Amino acid sequence: QKSGKKRKSITEDMICLESWFKFIGKDVSLPRLKKEPAPEPRIPTDEEIQKIWDYIGHIHDRATRQKYTVIFGILIYGGIRIGELHRLNVEDILETGIRVRSEKMERDRIVGLPDELLKSIREYVQFYRPTSDQHALITSERGRVTYASLRTTVKKVGARLGMGWLHAHSFRHYCATSLLKGFQGEKPLDIRWVQIHM
């Protein structure tokens with residue numbers, strides 16, 4: 001611990017050691033360390049969100065620009081989890097939003113999105129989306145874009161903009177707080193409606 005190893009990692013090592021002891025016929029019980037409390041999440045500001053949109057707007061390749069608009073738009077305005085974004089299918093795009101299959105054993109939900117974003121999503125599907133997977137919303141030439149690839153895209157954009165702390169879940173926090181205070185001048189939502197949205 002003094003050399004900087006996290007408590008969670010030390011506990012995992014001790015669990016492995018216990019398994020090894022059991023394998024060689026010894027009954028040894030090692031202590032468990034409580035993991036450190038998670039740091040407060042860093043929530044992007046409206047200015048940082050605008051920096052992201054400015055960056056995307058200057059991407060020269062139109063297909064990449066449309067793909068990034070879809071990825072970041074759904075994360076920012078939908079506040080969905082990265083795994084839920086990964087699982088979105090073309091048929092989940094509805095008239096006023098998207099159908100989200102929860103990854104946390106919750107009920108599936110409908111998440112509203114701005115008309116301009118929905119228009120960009122439809123344009124991406126019609127003109128720029130590789131048809132390597134007939135169901136997946138976000139694809140590459142090899143099929144559905146992977147969970148890891150989506151996370152890397154967010155990290156890469158964050159790093160380019162001097163926001164090395166940025167990760168996909170940051171947008172979930174941004175969306176929730178924006179809905180509570182009123183998204184871009186809109187009327188604030190009651191906390192219960194925000195809970196349902198999230």
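**Close-up 1. The largest cavity and the residues that line it.** In this predicted model, the largest cavity is lined by L85, H86, L88, A136, L137, I138, R144, V145 and L150, a lining residue being one with an atom within 4 Å of a cavity point. A cavity here is a set of points, on a 1 Å grid over the protein atoms alone, where a 1.4 Å probe fits but cannot get out. The volume of the largest cavity is about 30 Å³, taken as the space filled by probe spheres set on points that are joined across faces, edges and corners. By this rule there is 1 cavity of 30 Å³ or more.

Residues are numbered from 1 along each chain as its sequence is written, and side-chain values use heavy atoms, with hydrogens and water left out. Local features need pLDDT of at least 70 and side-chain atom pairs count only at pLDDT 80 or more, whereas totals for chains, interfaces and linings use all residues.

**Close-up 2. The largest nonpolar core.** A nonpolar core is a set of buried Ala, Val, Leu, Ile, Met, Phe, Trp, Tyr and Cys residues joined through side-chain atoms within 4.5 Å, where buried means under 20% relative accessible area, exposed over 50%, and partly exposed in between, with a 1.4 Å probe and protein chains only. The largest such core has 41 residues, and those with the most contacts inside it are I52, F72, I74 and L85. Among the elements that give two or more residues to this core are α2 (46-57), β1 (97-100) and α7 (168-181), while α3 gives the most, with 8 residues. Helices (H or I, at least four residues) and strands (E, at least two) are DSSP runs numbered from the N terminus. Leaving aside neighbours within four places in sequence, I52 is in contact (heavy atoms within 4.5 Å) with F72, V157, L161, M163, L166 and F171.

**Close-up 3. Helix α3 and the residue that follows it.** G79 follows the helix with a positive phi, near 65 degrees.

**Close-up 4. S120 in helix α5.** S120 lies in helix α5 and counts as buried at 14% relative accessibility. Leaving aside neighbours within four places in sequence, S120 is in contact with Q66, T69 and V70.

Notes:
On a 1 Å grid over the protein atoms alone, a cavity is a set of points where a 1.4 Å probe fits but cannot get out, and a pocket is an open set with protein on both sides within 12 Å along at least five of seven lines; lining residues have an atom within 4 Å of a point.
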